[in-house]
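I opened a notebook page for this structure. The entries below follow the order in which I looked things up.

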Amino acid sequence: MTLMEQKITAKEITRQKNKLFARLAVAAKQAKDSGGRPFIFHFLTTLRCNCDCESCLWKDNSAKNELSLEEIKRIYLEAREADFFINLLWGGEPTLRRDITDIIKFAKHEANFAFIGMVTNGYLIPKRISEFGDDLDLILMSLDSPVQEEHDKIRALPGLYDKIMESVDLIKKDYPHISLQFSFSISKYNIHRVDEMIELGDKIEVPIAFNVINTIRHYSTGDVDEKGELSTTDQEISDAFSRILESKKNGSHILNSEMYLKHFIGGKKPYRCHARKVFMFVNSNGDIEDCLKLDKPIANLREISVKKAMSLPRFQQYLKDTEKCDSCNSPTMIDTSYVWEDWSLITKSGGISFG
């Protein structure tokens, strides 16, 4: 690719991102004006994973009743009819599905989602990205340590770090339109690596989203702290986020908004959750997740259409009930909730970043 072609490509990529950003802002306003009408379709494609992370809350390496490709196609068309226009794929590990390429291509070219992202551990990206790279807009890769041996140990998958670095080179070279990002999940195993992680992100020019691992899970029978023993202290998180914030202000490649980082500095702050008015979470078997009662899904999309599910009294009540919860530590949940209450945060310096 010539220098001129690279400049044209970069200009076109920026134009497309700005176009999507404008559409996202319109959809968000419409969602709020309607009282909450999700427009981002989060699909947990599979529970299977080739990693064995101790901190994972979704670990289940069996393909239990996964939706078939044909079922996914029908649901995707229903989702678009219900005005969803962003599709995020995660798991488990999405690339373990043999038909993941068919899913992505259908989402892009038949269901016509405007934006498609994938959350992945990166291991199979070098092998499979040629199948679907042209149709992805975002790849968020989990990287929990800048040290090869440490990351592979945390993820319990030898060779994973090297596959991630190979993926970075491939994506930068062959798929520059993809927004490539790292997710660093803070636990007692890697809190001491935050500064080195920032240095790595700056060195290879990949922005990083730092997040505090979630440990609390909600069931109809009560709340369970499933991974609390993996947490680090509030003071350690506060100190680390203070340094991350300073690095961000100094120009480091950090995705987190200043409001998210400040949310944990001096101890985690309470907030009112609005994220489920923006995202609908659908599990690999078609269940619409109720994050307040994980053992009792709202509905199953094998049995009801997306639009009808969203009109259920329970779904509408769920959107209201989630406002009372602030247990999630995810930047996605917290930033979405802040922005829902103050749209100016989208354009303010230090606000939301899409990479």
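I checked the handedness first: helix 3 and helix 4 cross in a right-handed way, where right-handed means that the near helix is turned clockwise from the far one by less than a right angle. Helices here are DSSP runs of H or I with at least four residues, numbered from the N terminus.

The model is predicted, so local features need pLDDT of at least 70 and side-chain atom pairs pLDDT 80 or more, while totals for chains, interfaces and linings use all residues. Residues are numbered from 1 along each chain as its sequence is written, and side-chain values use heavy atoms, with hydrogens and water left out.

I then looked up the packing. Helix 3 (residues 100-109) and helix 4 (residues 125-132) pack at about 35°, with axes 9 Å apart. Axes are lines fitted to C-alpha atoms over the stretch in contact, and angles run from 0 to 180 degrees between N-to-C directions. Ile100, Thr101, Ile104 and Lys105 of helix 3 meet Arg128, Glu131 and Phe132 of helix 4; contact means heavy atoms within 4.5 Å.

Next I looked for disulfides, pairs of cysteine sulfur atoms within 2.5 Å. I found zero. The sulfur of Cys273 is too far for a bond, because the closest cysteine sulfur, in Cys328, is 6.3 Å away. Cys291 is in no disulfide either, with the sulfur of Cys328 nearest at 6.2 Å. Cys273 is buried at 8% relative accessible area, and Cys291 is buried at 16%; buried means under 20%, with a 1.4 Å probe and protein chains only.

Last, I noted Phe41. Beyond its neighbours within four places in sequence, Phe41 has contacts including Tyr76, Phe113 and Leu301.

Notes
Helix = DSSP H or I, 4+ residues; strand = E, 2+ residues; numbered from the N terminus. Buried < 20%, exposed > 50% of the residue type's maximum accessible area, 1.4 Å probe, protein only.
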